[in-house]
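User: I would like to learn how to read the pockets and the ligand site of a protein model. Could you take me through them step by step?

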Amino acid sequence: MADAVPLVDVRAAYLAQQEELDAAVAGVVRSGRFIMGPEVAAFEAAFASFCGTRRAVGVASGTAAIHLALAALGVGPGDEVATVAHTFTASAEAIAHAGAGPRFVDVDEATGGMDPKALAGAIEGTAAVLPVHLYGLPVDLPAIQAVAAEAGVPVVEDAAQAHGATLTGADGQVRRAGAVGRLAAFSFYPGKNLGAFGDAGAVTTDDEELADRVARLRDHGRTSKYEHAEVGWGERLDTLQAAVLRVKLERLEAGNAARERLAGRYDEALAGVGDLVPPPRPEGRNSARHLHVVRTRHRDELLAACRAAGVGAGIHYPVPLHLQPAWRHLGLAWGDLPATEAWAAECLSLPLYPELTEPQQDRVIEVVRGFFSGR
Ligand SMILES: *Cc1c(COP(=O)(O)O)cnc(C)c1O
């Protein structure tokens, strides 16, 4: 049986823009132009303008975006990239795709993002730093950038969950996530705040040379139809996805505002309930509210109660990367990244998406409150 309240509902997002989306898809199909072309360029320009960067380069996925951003910087075999283990596996996987390896540093206990102090102790000898704006909440980029600048190491933002998030820089300027690091990687996986009808992603940057290199690397190292300046990849953004994304981008800010309002409703209704810890709201950082993640020592029981009641709660992510078989060769063990491990053990994602109705959300709140009052 389908959940009464799903964790995300991409169909509801489609229905909200059905006519425009159908027209965009039909337009590409009728044009017969499925690879690159003006539709991709138009989306790239629109997304760069949204992020406040000089350039955006459309690519095949968020994973490809991280990989190509690192490759454009020259990160390769033998290199290590500092990142976190409390993230989706693609953050580290994309480092491996560039031929390098991840160096996992712990997260900040209060916010779940890369801990600048842990980074300071681990940055020596790395080729890049890849902090992750997990759940849509920007990491402490001013502090991370200060550490990275001191070591002369470039910062690449994993902004796969943070479309439209903002943060205040050391200079007091407010910028969007994706407009602060040397480069940033976005995913347009269907469930993300800006989601395509399949896999898609983008790299943003203010650096024209790096943007040109990403554009070349995503398309077989091509400088013209039959000229290949270097060995690249087939990781272009589909024209169909670009057309879909251009329509959906128009609704991103309204969608994020709806997420913010719903997040506020959760925080109010669940304040002081059991041992629940609400999502952090650090000064100077505004979350894109990709996921609404609370913490509790009774996570597994609460998850079971939600599932039994038809509430599609989830865990992002139950096993930190350093404890996954895929990364066993790094030789890390339980206890090596204590804050990371605590987040993995206690985090629970409650349903949150722009089309979530108040009665649906009230049902989630009722189930969570009921769980704690019965204990
Ligand atoms: C979704 C995601 C990715 C990968 O994006 P894909 O488009 O699925 O390849 C990378 N990092 C984070 C944090 C993500 O959430």
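User: From which domains does the lining of the largest pocket draw at least three residues each?

Analyst: A pocket, on a 1 Å grid over the protein atoms alone, is an open set of points where a 1.4 Å probe fits, with protein on both sides within 12 Å along at least five of seven lines, and its lining residues have an atom within 4 Å of a point. Here the lining of the largest pocket draws at least three residues from each of domain 1 (10-105 + 114-249) and domain 2 (252-373), with domain bounds that come from an automatic or database domain assignment. This is a predicted model, in which local features need pLDDT of at least 70 and side-chain atom pairs count only at pLDDT 80 or more, while totals for chains, interfaces and linings use all residues. Residues are numbered from 1 along each chain as its sequence is written, and side-chain values use heavy atoms, with hydrogens and water left out.

User: How many residues line the largest pocket, and which lie nearest its centre?

Analyst: The lining has 24 residues, and Phe 88, Gln 161, Tyr 189, Lys 192 and Tyr 317 are the ones nearest the centre. By class, eleven of the lining residues are nonpolar, ten are polar and three are charged, where Ala, Val, Leu, Ile, Met, Phe, Trp, Tyr, Cys and Pro count as nonpolar, Asp, Glu, Lys and Arg as charged, and the others, Gly among them, as polar.

User: Which helix gives the most to the lining of the second largest pocket?

Analyst: Helices are DSSP runs (H or I, at least four residues) numbered from the N terminus, and α10 (residues 252-270) gives the most to this second lining, with four residues. Among the residues that line the second largest pocket are Phe 50, Arg 176, Glu 253 and Arg 289, and the whole lining divides into four nonpolar, four polar and four charged residues.

User: Which residues are closest to the ligand?

Analyst: A residue counts as near a molecule if one of its heavy atoms lies within 4 Å of it. In this model 15 residues surround the ligand, and the closest are Gly 62, Thr 63, Gln 161, Ser 187 and Lys 192.

User: Which distance separates a polar side-chain atom of Thr 63 from an oxygen atom of the ligand?

Analyst: That distance is 2.5 Å for Thr 63, while a side-chain N or O atom lies 2.6 Å from a ligand oxygen in Ser 187 and 3.0 Å from a ligand oxygen in Lys 192.

Conventions
Helix = DSSP H or I, 4+ residues; strand = E, 2+ residues; numbered from the N terminus. Polar contact = N/O pair within 3.5 Å; in protein donor to acceptor, adjacent residues only side chain to side chain.
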